[in-house]
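Thanks for asking me to look this over. Here are my notes, as numbered points you can follow with the structure open beside you.

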Amino acid sequence: MSDLLRLATAGSVDDGKSTLVGRLLYDTKSVLADQLDAVHRASADRGLATPDLSLLVDGLRSEREQGITIDVAYRYFATPKRSFVLADTPGHVQYTRNTVTGASTAQLGVLLVDARKGVIEQTRRHAAVLALLGVPRLVLAVNKIDLVGYDEANFKLTAKEFTTHANALGYADSDVLTIPVSALVGDNVVERSANTPWYTGPTLLEHLETVPVEPDPHHVPFRFPVQYVIRPRTPEYPDYRGYAGQVAAGTITPGQEIVVLPSGGRSVVQRIDTPDGELAEATAGQSVTLVLSHDLDVSRGDLISAADAAPAVVDEFDATLCWLADKALRAGARVLVKHGTKTTQAFVTDLVTRFDEQRLSSVELPDLLQLNDIGQVRIRTAEPLPVDDYTVNRRTGAFLVIDASDGTTLAAGLVGAPLPVRDAVNPGP
Amino acid sequence: MTLALDRRTANLDALESEAIHIFREVAGEFDRPVILFSGGKDSTVLLHLALKAFWPAPVPFALLHVDTGHNFPEVIDFRDRVVGKHGLRLLVAHVQDWIDDGRLTERPDGTRNPLQTVPLLDTIAENKFDAVFGGGRRDEERARAKERIFSLRNAFGQWEPKRQRPELWNLYNGRHRPGEHVRVFPLSNWTELDVWNYIAREKIELPDIYYAHEREVYLRDGMWLAEGPWGGPRDGETLERRTIRYRTVGDGSCTGAVDSDARTIEDVIAEVAASRLTERGATRADDRLSEAAMEDRKREGYF
């Protein structure tokens, strides 16, 4: 049971997202007096009558000059029940790049709409990106509910439209919550509002404190990318050889049989070491050191897997890319792929589809993928990779596409075709 | 109470595991990493995590301290003791050397904090360090809130906010061209309170000046500064004996103390939890200079 919730917020400045984030931070006493003073001073310097809470959030000079949020910002707050890491992703500029980044580690997505406008194009896009990246649960905050006179019918309409869209993306009703809020006034953000007696659900903060944190995948078999081989060669530990890494999925106990990929060598876990003592079990998210019973050739880049449920080792696979670079992708591009702790050369051999997240449909055989495009491709790698489907395991189904010449991160890669498009366009029986 | 304690422990386990993962990624992907170590609380926690990440092997990195010459002697003693205890290799870049040979000029206000950047970049270049660990946290300041865990610096050591790479999942991209390096911040997701809770849980020793003690101090810009070679008190500033402690430890000319009776780690945690000021706002004159003070210094190559 983790008591750290990682969430991503998405929405545009116009929806009052910065105000909502500011309100959460302020009402949980996470904004301190000197930070608030700085906001008051800067607001006064600009001749504003009321403090601009977005200044708490917009950290870079160019953001403050242009009055927009450019980059993902990370915020931290805590209540007696939970600690929160909030990835605040801007809506206007490079929205896919930012939303993908925030969503890649999020356990909950909070989307924001203006009650007067309801669900707009950007809301649908954001939700599609969150679904694609496998964020398990969504919240829709219907903001500025005060400006529609706290009208229940208005809220219900927006809530229904959003839930229908989320269902099409694969979310069950129980994974989606819609809340009427006013970030400015504070309705239903932290304090329950007397203005919405017809709303009986939790406030936003109550929900954040109680929403089940999707456990890192325990139900999937053990996966352990080897980061580093620990060989002290000291008088105290002359022959010690341990494999350091963070459990990516599943659980391991001493005595369990494992296979090292891609070589296929088999062994048994003898010990799970940490500086605080040996462990009886290690689960997803824990950084540990494994000592094996046999002398195998294991190095950084290898994957230690449960022997009875090993992933496929492939050098050609289908994947979905979220293209994050200014330079467009064309078929035949030579790139680097970083999967787990392994980096290998690769070709993007084919562009199969480009996803139109607005219409939830696909364009076949596109010529290129441009900045913020999402598409399915086929990849061939120089060295074989042990991959899982992203929908089964976020950690071992994810990879980076890197520019071999200047090291730029070009794309977020997801093994398989987790696009929600199929269900939406061709509803199943 | 028990519940709150459990929550704290679960949270610290996740943060510790993430930091250890980051250390090991750097060890696996870079040729010449170095840890910035000043003896302050964040860098002491950083070193503690590095020791854990590679146990039972020694830490495979050297340490680097940019010494302004205005450091608190208690902290320098502590730094040297820790280095000796763990058999580590420490490089010290003395700002004074750069002033002596004319590469740097003393500022009129006597503050040496901004002077650290050049010795830092020179030392990084001279030693061909390609990864430099720092104890920076995103909760410290709003320019830092947009910092990556792996932060690419160009050949001039500069931070270019618009060239920062998207950071996805826990897959860190450490690729860089010759002459460039990467600053790495394993404590990115920690808060000041997390750091203190971790220090308590792991029983990590710190320099005494983090705990309440009596000291001769004078008031400047709303901060209690200590007497020292950095100048002061000036006219109109008078020394008085107060019970204080330091929330951050840096260059003596611009690091202020806070009034405090917190003599134990438990007292400090209670004080930090109740504080209405950020640690930098309370104690760092250099961050108050302008709306974008930290961003400007980061762009120049500061942390």
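This is a predicted model: local features need pLDDT of at least 70, side-chain atom pairs count only at pLDDT 80 or more; totals for chains, interfaces and linings use all residues.

**Notes on the two chains**

1. Chain B is divided into two domains: domain 1 covers 2–194 + 292–300, and domain 2 covers 207–287. Where the two meet, 21 residues of domain 1 of chain B are in contact with 21 residues of domain 2 of chain B. On the domain 1 side, the elements that give two or more residues are α3 (73–85), α6 and α9 (293–300) of chain B. Of these, α3(B) gives the most, with three residues. By class, that side of domain 1 of chain B has seven nonpolar, eight polar and six charged residues.

2. Next, please look at α6(B) and its packing against helix α2 (residues 41–54) of chain B. The axes of α2(B) and α6(B), the latter being residues 192–202, come within 11 Å and cross at roughly 50 degrees. That angle makes α2(B) oblique to α6(B). The crossing of the two is left-handed. From α2(B), the residues B:K41, B:D42, B:V45 and B:H48 meet B:V195, B:Y198, B:I199 and B:E202 of α6(B). Sorted by class, this contact has four nonpolar, one polar and three charged residues.

3. α6(B) also packs on helix α7 (residues 265–274) of chain B, at an angle of about 165 degrees and with the axes 10 Å apart. How do α6(B) and α7(B) therefore run relative to each other? They are roughly antiparallel, and their crossing is left-handed. On the α6(B) side you will find B:E192, B:L193, B:W196, B:N197, B:I199 and B:A200, which meet B:I265, B:V268, B:I269, B:V272 and B:A273 in α7(B). The residues of this contact divide into nine nonpolar, one polar and one charged. B:I199 is worth a click: this residue of α6(B) takes part in the contact with α2(B) and in the contact with α7(B).

4. Now for the meeting of the two chains. The contact takes 52 residues from chain A and 43 residues from chain B. Several elements of chain A each supply at least two residues to the side that touches chain B, among them α2 (33–45), α4 (95–104), β2 (73–78) and β3 (83–89) of chain A. By class, the chain A side divides into 24 nonpolar, 16 polar and 12 charged residues.

5. Chain A also holds an open sheet of seven strands, in the order β7-β15-β11-β12-β14-β9-β8, with antiparallel pairing. Its edge strands are β7 (223–225) and β8 of chain A, each of which pairs on one side only. From one strand to the next, the twist averages 40 degrees. Within this part of chain A, four bridges join β11 (residues 257–261) to β15 (residues 303–306), and A:I258 has A:A306 as its bridge partner in β15(A).

6. Finally, follow strand β19 (residues 342–356) of chain A. Seven bridges join β19(A) to β18 (residues 333–339) of chain A in an antiparallel pairing, where A:L336 stands opposite A:Q345. The hairpin of β18(A) and β19(A) has two residues between the strands, and A:G340 takes a positive phi near 60 degrees there. Eight bridges join β19(A) to the antiparallel strand β22 (residues 374–387) of chain A, with A:V348 opposite A:I379. β19(A) also pairs with β20 (residues 361–364) of chain A in the antiparallel sense, over four bridges, and there A:F355 stands opposite A:S362.

Methods: Residues are numbered from 1 along each chain as its sequence is written. Chains are lettered from A and ligands numbered from 1 in the order in which they are written. Axes are lines fitted to C-alpha atoms, for helices over the stretch in contact, and angles run from 0 to 180 degrees between N-to-C directions. Angles under 35 degrees count as roughly parallel, over 145 as roughly antiparallel, 65 to 115 as roughly perpendicular and the rest as oblique. A crossing is left-handed if the near helix is turned anticlockwise from the far one by less than a right angle, and right-handed if clockwise. Two residues are in contact if their C-beta atoms, placed from the backbone, lie within 7 Å. Ala, Val, Leu, Ile, Met, Phe, Trp, Tyr, Cys and Pro count as nonpolar, Asp, Glu, Lys and Arg as charged, and the others, Gly among them, as polar. Domain bounds come from an automatic or database domain assignment. Two strands pair if DSSP finds at least two bridges between them.
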